[in-house]
Amino acid sequence: MLKLQIERLRKLPQRADEPWQAAVFRMPGWVQEGHHEPVRPRTALCISASTGMVGLAEPRLSADRASQLVLDSLVRLATGEQGGYRPGRLEVRQPEVA
């Protein structure tokens, strides 16, 4: 799946002057499956500051790597209805995302 996502991005034109911002965070609500302890799912958000478009990764209970969550949100934003391109730069503040 990772290779497919990267290929989808590579095929899109790049806007060199377009920065996007991304972050990984825990959802505000708790989820409990069966008799397991409650957990807060993680997701990633990717935002285009110039257009206001947003890409949100599917929330996950598993311990997926932060980079995979960010890639999912980036692909959703880039290939969404108003997307069709990839950014020239991706800005992040979290070391695990960088």
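This is a predicted model: local features need pLDDT of at least 70, side-chain atom pairs count only at pLDDT 80 or more; totals for chains, interfaces and linings use all residues.
1. Residues are numbered from 1 along each chain as its sequence is written, and side-chain values use heavy atoms, with hydrogens and water left out.

2. **The overall layout.** The protein has 2 helices and 4 strands. Read from the N terminus, the order is α-β-β-β-α-β. Both kinds of element are DSSP runs numbered from the N terminus: helices are H or I with at least four residues, strands are E with at least two. The C-alpha trace spans about 50 × 25 × 25 Å along its principal axes.

3. **Surface and burial.** The accessible surface comes to about 6600 Å², and 52% of that belongs to carbon and sulfur atoms. Areas like this come from the Shrake-Rupley method with a 1.4 Å probe, and for residues only the protein chains shown count as cover. Of the 98 residues, 31% count as buried. Here "buried" means under 20% relative accessible area, "exposed" means over 50%, and "partly exposed" is in between (1.4 Å probe, protein chains only).

4. **Contacts along the chain.** Take the contacts between residues at least 6 apart in sequence: 56% of them join residues at least 24 apart. A contact means heavy atoms within 4.5 Å.

5. **Charges.** There are 14 positive and 11 negative charges, and their mean positions are 5 Å apart. Lys and Arg count as positive, Asp and Glu as negative, and His and the chain ends are not counted. Each charge is placed at NZ of Lys, CZ of Arg, CG of Asp or CD of Glu.

6. Side chains of opposite charge can pair when their charged atoms come close. The structure holds 4 salt bridges, each being a side-chain nitrogen of Lys or Arg within 4 Å of a carboxyl oxygen of Asp or Glu. One of them joins Arg 10 and Glu 7, at 3.2 Å from N to O. Both residues sit in helix α1 (residues 2–10), 3 residues apart, which is about one turn of the helix. Arg 10 is exposed at 57% relative accessible area, whereas Glu 7 is partly exposed at 36%.

7. **A bridge between a helix and a loop.** Asp 72 pairs with Arg 60, and their closest N and O atoms are 2.1 Å apart. Asp 72 lies in helix α2 (residues 66–79) and Arg 60 in the loop between β3 (54–56) and α2, so this pair ties together parts that are 12 residues apart in sequence. Is Asp 72 buried or exposed? With 6% relative accessibility, Asp 72 counts as buried.

8. **One more bridge.** Glu 91 and Arg 89 form a salt bridge too, with 2.9 Å between the closest N and O atoms. Glu 91 is partly exposed at 28% relative accessibility, and Arg 89 is partly exposed at 45%.

9. **Leu 74.** This residue is in helix α2 and counts as buried, at 11% relative accessibility. Which residues does Leu 74 touch, not counting those up to four places away in sequence? They are Leu 9, Trp 20, Cys 46, Pro 87 and Leu 90. The C-alpha atoms of Leu 74 and Arg 86 are separated by 8.3 Å, with the two residues 12 apart along the chain.

10. **Leu 2.** You will find Leu 2 in helix α1, partly exposed at 45% relative accessibility. Leaving aside neighbours within four places in sequence, Leu 2 is in contact with Gln 68 and Leu 71. Leu 2 and Pro 95 are 93 residues apart in sequence and 21 Å apart in space, C-alpha to C-alpha.

11. **Phe 25 and a nonpolar patch.** Phe 25 belongs to strand β1 (residues 14–26) and is partly exposed, at 33% relative accessible area. Together with Val 54 and Leu 56, Phe 25 forms a nonpolar surface patch with about 240 Å² of accessible area. Patches are made of residues with over 30% relative accessible area and no salt bridge; like charges are joined within 9 Å, nonpolar side chains (Val, Leu, Ile, Met, Phe, Trp, Tyr) within 5 Å. Beyond four places in sequence, the residues Phe 25 touches include Pro 41, Leu 45 and Leu 56. The C-alpha atoms of Phe 25 and Leu 45 are 8.1 Å apart, although 20 residues separate the pair along the chain.
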